[in-house]
Amino acid sequence: MALAQAAAEEARAAGEVPVGAVLVRGDEVIASGFNHPIGAHDPSAHAEMVALRAAAQAVENYRLPGCELYVTLEPCLMCAGAIMHARIARVVFGARDPKTGACGSVVDAFANPQLNHHTTVSGGVLEAECSAALKSFFAGRRRASRAARAAARGEAGAEAAGEPAPAEPL
């Protein structure tokens, strides 16, 4: 999970939601990925999807039986579907996702007995640390948004009072 957390920090550094994933087989790390749908202009560029794609390329097979996926946030329904199609044996996640989690928080995609592949799921691993990273990221975004709104109001207020707006930086 520490490697997944490091990947999440790469996402944070890129201005993306800090989610990281690592795919392993036995003791070997096959691939890792971090969340970057904004930068990639790709709604499917979740950390899990990126790691699954990289692993499939590395082993030259879209099926990844016997592999385990470690991810800092509970997978969404899209990622859960890809995990099942790849035949991942086990998913280990950190923080629970009360809005889109598909491992029990909103739905439990992996508990459906009608599906032909069953993945074992373990949640809450380093949950406090994974959750704190996400909370910190979103708190920073909210602060920046409030500051931008306040700055915009300040500029608009100055113009309305007959004062010139601050000059744009060069």
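How many bridges join strand S1 to strand S2, and do they run parallel or antiparallel?

**Entry 1: ground rules.** I'm working with a predicted model, where local features need pLDDT of at least 70, side-chain atom pairs count only at pLDDT 80 or more, and totals for chains, interfaces and linings use all residues. Residues are numbered from 1 along each chain as its sequence is written, and side-chain values use heavy atoms, with hydrogens and water left out.

Entry 2: I looked up S1 (residues 20-25) and S2 (residues 28-34): six bridges join them, and they run antiparallel. Strands here are DSSP runs (E, at least two residues), helices are H or I runs of at least four, and both are numbered from the N terminus. Two strands pair if DSSP finds at least two bridges between them. Opposite Ala-21 I found Gly-33 of S2. Two residues sit between the strands of this hairpin, and Gly-26 has a positive phi near 65 degrees.

**Entry 3: the cysteines.** I searched the whole structure for disulfides (cysteine sulfur pairs within 2.5 Å) and got zero. Cys-79 is buried at 0%, and Cys-103 is buried at 11%.

**Entry 4: the annotated span.** Residues 1-106 have their end C-alpha atoms 23 Å apart, with 36% helix and 25% strand.

Methods:
Buried < 20%, exposed > 50% of the residue type's maximum accessible area, 1.4 Å probe, protein only.
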